[in-house]
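Please keep the viewer open as you read.

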Amino acid sequence: MGPPRSALRRLARLCYRRRRLVLLGWIVALVALSVASGAVGGELEDDFALPASESQDAITVLEDGGFPTRAGFQGRLVVAADGGVDRPEVANAVTSLLDRIADEVPEAAVTSPYEAEGRHQISPDGTIAFAEIALADRDDDDYDEAVDAITALVEAVEVPGTALELGGDRFVEPAEGGSEAIGFLAAVVILLLAFGSVLAMGLPLLTALFGIGTGAAVVTVMANVITMPSFTLQLVTMLGIGVGIDYALFVVTRYRQALDEGLEPGAAVELAIDTAGRAVLFAGTTVVVSVLGLLVVGLEINRALGIAAASGVAMTMVASVTLLPALLGFVGRGIDRLGLPHRHRSGDSASAGLGLRWSRVVQRRPVAAALVGFVLLGLLAAPALSMRLGFGDAGNRPTTDTTRRAYDLLAEGFGPGANGPLLLAATVPDGAGDALPGIVEAVAAADGVARTTPPIPNETGDVVLVQVVPDSAPQDEETTELVHRLRDEVLPRATAGTGVDVLVGGAQAGVVDFSDFAGSRLPAFIVVVLAVSFVLLMVVFRSVLVPLKAVIMNLLSIGAAYGVVVAVFQWGWGASLIGVGREGPVEVWAPMMLFAIVFGLSMDYEVFLLSRIREEYDRTGDNATAVANGLARTARVITAAATIMVVVFAGFVLSGQRPLQLFGLGLATAVLVDATLVRLVLVPATMELLGDRNWWLPGWLDRILPAVHVEGERP
């Protein structure tokens, strides 16, 4: 993978000698892209459609049938009054507010609880009511203007003893930042301890910052043509800090080793880029290719996140092999200046000695070690078998958010299902109107239905809208089962022979369609990614069993990450410790994204470790010695890199945003498992058991596979 060795050496030499020009070029690129993102950058939003789904067809029917506002954003104004919402001062203030929203916000439809058709929007005890605010579909900027206008009007109303809260995804208040800073500060401490030098610590951080800054700016500009989720920039930052520091760490470590071996700074830079830099290109390209594989899955949100992740990783990878050589040119032999008392050489020898002793312990009892490793991974992965896909609802948001308070009030006054009503879009041919009451009655009597609203026909009567309120909350499994029950059992029986066609739509039905679609594509995606990893590793290491073991271990590592995510977010084990509101489904987009990214990151450690083992095996011809020495020589840098990634990813668990918390925990778990159980236990144990068979490759296969050199060569 990557360009020929001579090209990499020429690139390193050019960046080293023209370091001022290279640094200036990166500064100009960062400033220009940042200015462009601020001037013409697109808005990040959570608005994704799934073509060829029943929920999307329902939206089309409603939009074409004279209900344009029902095809756009559905929001709620929730009113809670101590003395009752019918108090004159409350009723007058809310009515006036709703009139202003209808008059001042373009294409807004309001259903007031104080009108005849909205009396069901007052709770039985009379203390809570809600008004429906429906906005016709529009551009993002127009949505933002409408939401800002509604928010300002609501905030201007004050009635003693009364709370007014806005419900709906577009009213979500931006989450406070800080997770990125926590991860970055943690990386500073770890690098300082690992390198023992302020300068050596600073280079990976500076390289990562340039990669993150340019990558985030590119993503913001692309948001003009691609719908990007609201948490995209945090995701890019998370990956940028992790892989950017990781990649630069490998290069700087190899550069320092070359200086210790007596090379001049220029030659040391060339060697570092042609060896560690080559591994960085291999690992980074693998991550980019794997996440871009999400483009073929067919989910718009996965496609957007895949492009964003690929952009961020690509920029940090390029910075590692162009900007970093230039920065190394500035520091030269002074890379160990401003060093700490413990320095790095003693740490290197201690780490290597510990790694060698540990490897020998595992190699003396390989069967027991392998058994323990596989059992632990199996236990961690077991919860993944019950994974349920979906989207978390507003009940997971912090109570400081108006949408969370609106959610709680609606659940208190009308039951949990009021936060996610289903929409029935009925197409009624001429003469079939008499069948509609029976259909609605059958739906109202179905298990899991709390109530239905009276049918709302359009002007011509050929399209009718009915709201169905479930007994359960939007993210509950019972709601998903209700959607399937209505579609597969209740409605087919109720509409048989009537000519009426009823589609189940609404936001929650859309979530069910997304989940079913993603779940059906996930196994095939996993098989393709594992097959690609097997071929790549077979090409690199000229072996059949080594890549086969790596594929199995990668699958178990990711399974362990899935299992921990399910246990915490779906089952609620320890969820309160990290600020997760309550248990719910695993985000639809997360399993594929986790698999794609973790696959690439695990390949990073796999290549770095196995290439050293292969190098030792070619030198000594002794498999046991090669495994022990390879593990010892990579112990320190992989441990530091993995620790940085785990801390950075775990920092996002404190973000307060459920999608980022889930993704951060999944990545942190996968990297931790990969760097401990897999690298320290399973790799030495299984390679000891297989002996020389590790490197077996049929002759005919060796002849047809291309030659790929990840480690490069000395000049």
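Is arginine 404 buried or exposed? With a relative accessibility of 17%, arginine 404 counts as buried, where buried means under 20% relative accessible area, exposed over 50%, and partly exposed in between (1.4 Å probe, protein chains only). Before going further, note that this is a predicted model, in which local features need pLDDT of at least 70 and side-chain atom pairs count only at pLDDT 80 or more, while totals for chains, interfaces and linings use all residues. Residues are numbered from 1 along each chain as its sequence is written, and side-chain values use heavy atoms, with hydrogens and water left out.

Arginine 404 has a partner: its side chain meets that of aspartate 408 in a salt bridge (3.0 Å, N to O). The term stands for a side-chain nitrogen of Lys or Arg within 4 Å of a carboxyl oxygen of Asp or Glu. Both residues sit in helix α13 (residues 402–414), four residues apart, about one turn of the helix. Helices here are DSSP runs (H or I, at least four residues), as are strands (E, at least two), numbered from the N terminus. Aspartate 408 is partly exposed, at 31% relative accessibility.

The structure holds 13 salt bridges. One of them pairs glutamate 270 with arginine 13, with the closest N and O atoms 3.0 Å apart. Because glutamate 270 belongs to helix α9 (residues 265–292) and arginine 13 to helix α1 (residues 5–17), this pair ties together parts that are 257 residues apart in sequence. Glutamate 270 is buried at 12% relative accessible area, whereas arginine 13 is partly exposed at 29%.

Another salt bridge joins aspartate 702 and arginine 542 (2.8 Å, N to O). It links distant parts of the chain, 160 residues apart: aspartate 702 is in helix α21 (residues 699–704), and arginine 542 is in the loop between α16 (507–541) and α17 (545–570).

Now turn to helix α2 (residues 19–40). Its buried residues are Val22, Trp26 and Ser37. These cover an arc of only 40° around the axis, so they lie on the same side of α2; the arc is that of the directions from the helix axis to the C-beta atoms. The face turned away from this buried side carries the exposed residues Arg20, Leu21, Val35, Gly38 and Ala39.

Finally, look at serine 472, in the loop between β9 (463–470) and α15 (477–495). Serine 472 is buried, at 9% relative accessibility.
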